[in-house]
Amino acid sequence: MKKAYLLDLKNDHFEKVANFIYPFYEENPLDFLFIAPSGFYTKQIAERIASKTNSTINRNAFTVINQYITELLRFYEPDAIILDRDFLKVYLENEIIDLIESEKKDEEFSQYLNVISNSQKSVEYLLDIFEKKWEISRVQDEKVVSSSEEYKILDNSINVESHLYKLYSKLEKSLEDVLSTKFDMSIKYQRNYDPISVYKWFYEIFPEILKKEDKKYLGKRVIISGFFDISPIINKTFSVLFKLFEEVHFITWFDIQDRAFESIRNIHHLLKDEGFVFDNRYTNEHLKDVYDDTQFYFVPVRNEIAEIEYVSKEIKSKLINEALSPDDFGIVVPNISVARLVSDYLDEIKVPNRLKNDIPLSESQMVLILLQPIKTLVKGCEVEDLLAMVEGGYGGKTELTIDEIEYYLKKINLFYDIPKASLNQRKDKWLTTIENEINKKFFLIKSTEESERVQIELNELLELQKCFQNIFDILKEVQQIEKKKTGFTISDYRELIRKWIEKDNINFNIVNKYLDVNSIESEINAIKTFEILLLNVEKSLEKIIKGDKKNNLDKFYKIISSLTQINTFRVTELYANCVEIMSLEDSRFVKKRYKYFIDFTEDNYPSIKVNPFLSSLDNQGVSMSKFSEKISRRNLFISMIFAENIVFTYAKAQLNGDPIVPSPYEKEMRQTFKNIHYSDNFLFIKGNLPKEPNNIYSEREAIIYYLLNDKKEFLPEQFLVESKRFVEQINNHSWNLSNKTELGKLSHTKISTYVDCPFKFYLSQIVHLKGDKDFNIFFEGLIKHRSLKELFSKYSDYPSMLQKYSNYEEIRDEIKLVLEDIWDDYVDDFFYSYQAIKEVVIEQFIEDLYGTIETILENYIQIDKDKKLTFSQVLETEVEVKTSLDVGIFENVELETRIDRIDLLNGNFLYLWDSFDNKLLPGTYSIVDYKNSNSFQSEQLLVYYLALINSKEWKNKLIDHDVFLEISSHEKRRY
């Protein structure tokens, strides 16, 4: 018997599932099996069954699909070695490093591998592709693969001529050798299994095992629930699993009419194909019906800081004034940076919270310290790494501070020593130089009247000598281990760590220096996770390294440091009665009375996460982007289901005044759902101290309030002494600038900065506080500007450009040649020099630039449907105009501009009485500026025009002519 049950997508889902399966469990707990896709989902159901029985439950009866299949394999093949996902991480790292050496003859491929091995992100992206492609190759069923949109896109997009496919083929062959098996499972001895091969064993080998045992069924009844997606290998597994139980009950959801839930429809098709009878009426449900009882709140606020403050204080207010506890609240954040800001503010106002986001081990200070000696040797004993070893405690206990050590190294000319050197070179030079300086001090003590000062310096130099002697001894010990027959192993590294701890070489107190970043508890969690990582890597490397091969130190460091980028740890183990701060993925099945979605903007919702390797396989990355949007949308709507009240907050502007666009889902939700509440009450509130004490939640704000309102009886003692001076400064401040500001040279950038925020203008242009800038922001614009300059300089008149444009392949090839020619001049980020990334980005740029040329040719200036103008000749490109003009009371103010293009038009229409005349007049001029679609400022062209009519060269040309101001987008999406 095979029955399917459809449930509503509601926040009582777990209760309904538990109520449904409880009678089956109660009938016979030892002949009962419940299977789900994840441990979290399984735990929710098991806990609810336990609460119903009021006794200990058969926990083995509640399991995850991969755990159940793996345990079956272990039972029937106890000698089999099962390689987990951690093994695949190590395997990929190891094989890529080996391939660099073995593929040296193929220079292009070897260079490709080198780029990948030096990029932490690349290996993570490759792992994602490898697992899916490996799964497709194991399944070998086109129909099953096609049933999964994600796998279908990957399978159809991959280019068998690409370096990526070549790499995959080599990795696949190597892994098959490790597993000692082929596609047909023909080899019967010393078999190893990876996670995918475990499933393949189940649906190909296991039925034969049961047949030999004369068994038809594994048990009486299995209940399956919680699946939103079914991958190809799970599809094949289910087909066999359904036949191995007398009763199969499959719980899924009604079909929701929304693209986010198309995968539910695929599950229904699978169940129908497998002969399931649907227990209730098969119907379609509208998305709006799912949230009938949910309350929605949309709260725009002034800026990002005000947003975090609003959410935190709102939660604190509800905790004080309503019958709510901290675990009634969940905060969904887009990234770890926002999560930390929220957590810090909640800490400040004394609200218990738990940051659920996982952090890479590479961000743990203690993990970095433990890896520092290996890094120092691999990187060539660089000065900064040697100083990091001092700070980590490897120099032993010393009275010298790191600043004093740097002072002496600079004084004896070692601080700016050659960047890289061998250990022996660095050791000999440094210890000899320090020794010579010590001898000078011994001599000076006897021959100077300042013996006391010299004695102090001598003592400090002796400390410095001892410190670096210890460091070089530790590095020598590591280097000696590498030379042994087996190379440098995980066991060696773990033994070294044990020695360093026993000898007190590691300065654990350094963690106190980073308490503002990571807590002691989080560092302890990181060390535990790092220990588990080392144990897993040790097991994995034993399986990978064969014969007389051995690991050198460089390979060891690459593998471990790369894995610390992928493996993560939890900041805290605090779980009870806390406000949970979660990522969207983690929040999906977490039930809360209130869920706050912070930063609900177009950048985060939807969150389009496309593996760059995958997007490079797909012609334009469009298919993968659409699929990613569906996943992001589904995660959002599932998370929303498990909340009674949903609050979406978003800032209207950044701190510098730049506008922020809310998520496109906001408009859709406000039009679709019933219980909508919109409030802009917090949009115009300035960040001043609350006037009412009931609105103050932090100790810091309370102290300021007490000071300003003369409530000294509430002040802590340390604030009483300075309270009078503080109040006087607040009430009688002299914060106005007394010095006049020189105007200097004007430019559009300066003018627009001042208009956006005068204070930002002051900071950036007057006191020259530049701040950190991400120059990747400018990289795209610079390349596109330069490409358009090259193209329109070569085809500067309308007919020649039109002729080139009319041949689709020719114009695209021309654009591609220009981009490839200038690429290296404009790319600073190593990531964009990687060939696969370069190819996909260039393809996108070609699309954008082709769209720009199309617009310039077909829709240059359109006054109305009957009046169009286009350029006849490009006169100037990237022209610099410097002039002076009078501005108000200021005379001879210098103005500098850089104009993208000045064109001669094919005609002109006279503008009279708020309309254009129909008569076509002789040509006039046009000033053109290229912009991306979300960044254009029309007033910029007015500044350019002002510069031109005040310049000697252009003044006479323009004085009797109309001038059109044209903005042309260099993105495919245009205004």
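Tutor: Buried means under 20% relative accessible area, exposed means over 50%, and partly exposed lies in between, with a 1.4 Å probe and protein chains only. Helices (H or I, at least four residues) and strands (E, at least two) are DSSP runs, numbered from the N terminus. This is a predicted model, in which local features need pLDDT of at least 70 and side-chain atom pairs count only at pLDDT 80 or more, while totals for chains, interfaces and linings use all residues. Residues are numbered from 1 along each chain as its sequence is written, and side-chain values use heavy atoms, with hydrogens and water left out.

Student: How many helices and strands does the chain have, and what percentage of its residues is buried?

Tutor: The chain has 39 helices and 27 strands, and buried residues make up 49% of its 975 residues.

Student: Which residues of helix H12 are buried?

Tutor: They are Pro-232, Ile-233, Ile-234, Asn-235, Thr-237, Phe-238, Ser-239, Val-240 and Leu-241. Nine of the ten residues of H12 (residues 232-241) are buried, so this helix is largely enclosed by the rest of the structure.

Student: What is the strand order in the open sheet of six strands?

Tutor: Strands of a sheet pair through backbone hydrogen bonds, either parallel or antiparallel. Here two strands count as paired if DSSP finds at least two bridges between them. The order is E3-E2-E6-E7-E1-E9, with parallel pairing. Strand E3 (62-64) and strand E9 (277-278) stand at the edges with a single partner strand each, so one side of each is left without a neighbour in the sheet.

Student: At what angle do the axes of helices H17 and H21 cross?

Tutor: Two packed helices are described by the angle between their axes and the distance between the axes. Axes are lines fitted to C-alpha atoms, for helices over the stretch in contact (heavy atoms within 4.5 Å), and angles run from 0 to 180 degrees between N-to-C directions. The axes of H17 (residues 365-378) and H21 (residues 451-482) come within 10 Å and cross at roughly 75°. That makes H17 roughly perpendicular to H21 (65 to 115 degrees). The contact is made by Pro-373, Ile-374, Thr-376 and Leu-377 of H17 and by Leu-475, Val-478 and Gln-479 of H21.

Definitions and conventions:
Parallel < 35°, antiparallel > 145°, perpendicular 65-115°, else oblique.
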